[in-house]
Amino acid sequence: MGSVGITIPQEMLDRLHEATEAVRNSKKTLAFSHIDADGITALAIVVRFLEREGVETEWKNVHQINSESILDVRDTVMEARPDLVVFSDFGTGQLGLIQTHIAPIKSVRRIIILDHHLPKKNHGEGRPREKIIEINPCNHGLSGSADVSGAGVAFLLAIHLSLENTDLSELAVVGASGDLQDFYGRGFKGINADIIKLGEKAGYVSVDKDLTFFGINTRPLPFLLEYATEPYLPGLTGNRDACYAFFENLRIPMKNSDDTWRTWSDLHDEEKQRAIQGLFHEILQAYDNPRIAKGIVGDVISLLHRPLKSEMRNVKEFSTLLNACGRNREPEVGVRICLGHEEAYTRGKTLLQTHRSNLAQALRRIEEHRYDERRGMYLIDDNETPDTIIGIVIGMAQGARLVPVDKPVIGVSRNTTGEGPTIKLSGRARSFLIKKGLNLKEAFVEVAESLNKQYGETVAEAGGHPMAAGAFVHEIHLEEFLDMTSDRLAKMLAQ
Ligand SMILES: [Mn+2]
């Protein structure tokens, strides 16, 4: 893969080669993927390369593969009778379930897993798995939270199949961005950086120093500041009059001559300079921290083949649009947006509005009811916030400093899709805590394993990354789970 400038460990290349053969030998493939932006872009990449290889394809997004939902996956496979099954953005943590329930299905000759989540400790090594080809950077000394995302792994297979798939680099970047692999704007590295360079060279992607706020291509100028949460702008965020005054004082017109709103991307360089100076001033007054001020300018990644004034132009906005589809239980709309379907984009915009208002309402509830402080963590236990957005909400709550950042924040959602008595837990931690040795995934997984052992049945399932993890816990064991997690996190923080 030296020819396209992506450095990949040899063993991983061997697996990619094996997967390439499996795709080329397939007549019918069934692809499953996760419902977040990374999972959606991964699936769109898979669907497109299969289409280009002339393989008959069916596909489906799945919220979570666990011991219950694997049975639905199995039924879908038995009905579709594919010779190849692809799992993207999950599969590694579910390797055992896939071995048990999917590998034995007769029509299935090969199974490809394109994942980037950390394997469990007893990862099924040594068990027979001749049908399964697992491609995961974590198995090759790479980081699945910084070097490459699920969409990135899918892209590696795509580009390995054909250079014609170079255009899919744009979706790989959106997936990595949705997965926060640039660590809140501090830049991409590893395979992610290689993919961006490849996309730049081919004219699909551009990286520019610009304002990192959300909505620079789509939001009317005053709303750009009114809805800013990264960082939260004291005096401006949530205060429309102050945002108007900000631009008026700087003599920057907010409207075009035809009375339409200007967006940030409409400003001339000199206007941008003045506005950035003004924002520096506001932020320094509020935070007295030059690092926060400097952070508002950084690498902004645009997709040059997507419409100029759409959410698809900017990778951060694109990933939010896709998350909105997934979180509103219509991830398939997101996949179709990636594939360029016009009517899906229209539907996606509506879902984005619903998503924004759900987020705003959830944040308002946190502002009113605050949070509980426990040893090693802050706890947000909210009856109304759906399980699909609880992770984003608690992350934003810390971003907007509605919750302090010196400990991880754990969100509890009782508003779940499943019928069962399962409660969704989500955890978020800032990267400086991870550097100090905190690991949310490890904490959740250890607690789940120890409870399952204690009760001799599955009462909790957990997974994720060091800085963002999730768990499903049986209602009656929630308090125990929280107590044990609190203990575990406190110990990690004390190290
Ligand atoms: Mn992912």
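Trainee: What should I know before I start?
Mentor: This is a predicted model, where local features need pLDDT of at least 70, side-chain atom pairs count only at pLDDT 80 or more, and totals for chains, interfaces and linings use all residues. Residues are numbered from 1 along each chain as its sequence is written, and side-chain values use heavy atoms, with hydrogens and water left out.

Trainee: Let's begin with sheets. How do strands pair?
Mentor: Strands of a sheet pair through backbone hydrogen bonds, either parallel or antiparallel. Two strands count as paired if DSSP finds at least two bridges between them. The names come from DSSP runs numbered from the N terminus: helices are H or I with at least four residues, strands E with at least two.

Trainee: What is the strand order in the open sheet of five strands?
Mentor: The order is β2-β1-β3-β4-β5, and the pairing is parallel. At the edges, β2 (56-61) and β5 (132-135) each pair on one side only. With direction ignored, neighbouring strands are turned by 15 degrees against each other on average.

Trainee: How many bridges join β1 to β3?
Mentor: Five bridges join β1 (residues 28-33) to β3, and the two run parallel. As an example, T29 has L84 as its bridge partner in β3. Helix α3 (residues 69-80) lies across β1, β2 and β3, at about 160 degrees to β1. For such angles, axes are lines fitted to C-alpha atoms, for helices over the stretch in contact, and the values run from 0 to 180 degrees between N-to-C directions.

Trainee: What is the pairing in the open sheet of six strands?
Mentor: The pairing there is mixed, with the order β8-β9-β10-β11-β13-β12. Its edge strands are β8 (372-374) and β12 (460-464), and the twist averages 25 degrees from one strand to the next. Strands β10 (residues 409-415) and β11 (residues 422-428) run antiparallel, joined by five bridges.

Trainee: Now the helices. At what angle do α2 and α5 cross?
Mentor: The axes of α2 (residues 37-52) and α5 (residues 150-161) cross at roughly 15 degrees and come within 7 Å. That makes α2 roughly parallel to α5, since angles under 35 degrees count as roughly parallel, over 145 as roughly antiparallel, 65 to 115 as roughly perpendicular and the rest as oblique. Residues in the contact include I45 and F49 of α2 and F155 and L161 of α5. By type, the contact divides into 10 nonpolar, two polar and one charged. Here Ala, Val, Leu, Ile, Met, Phe, Trp, Tyr, Cys and Pro count as nonpolar, Asp, Glu, Lys and Arg as charged, and the others, Gly among them, as polar.

Trainee: And at what angle do α17 and α18 cross?
Mentor: Helices α17 (residues 440-455) and α18 (residues 478-494) cross at roughly 135 degrees, with axes that come within 9 Å. That makes α17 oblique to α18.

Trainee: Which residues are the protein donors of the manganese ion?
Mentor: Donors are N, O and S atoms within 2.8 Å of the metal (3.2 Å for Na, K and Ca); water is not among the atoms, so sites may look incomplete. Here the protein donors are D38 (OD), D89 (OD) and H116 (NE2), lying 2.2 to 2.3 Å from the manganese ion. D38 lies in helix α2 and D89 in the loop between β3 (84-88) and α4 (95-101), so the pair ties together parts 51 residues apart in sequence.

Methods. Contact means heavy atoms within 4.5 Å.
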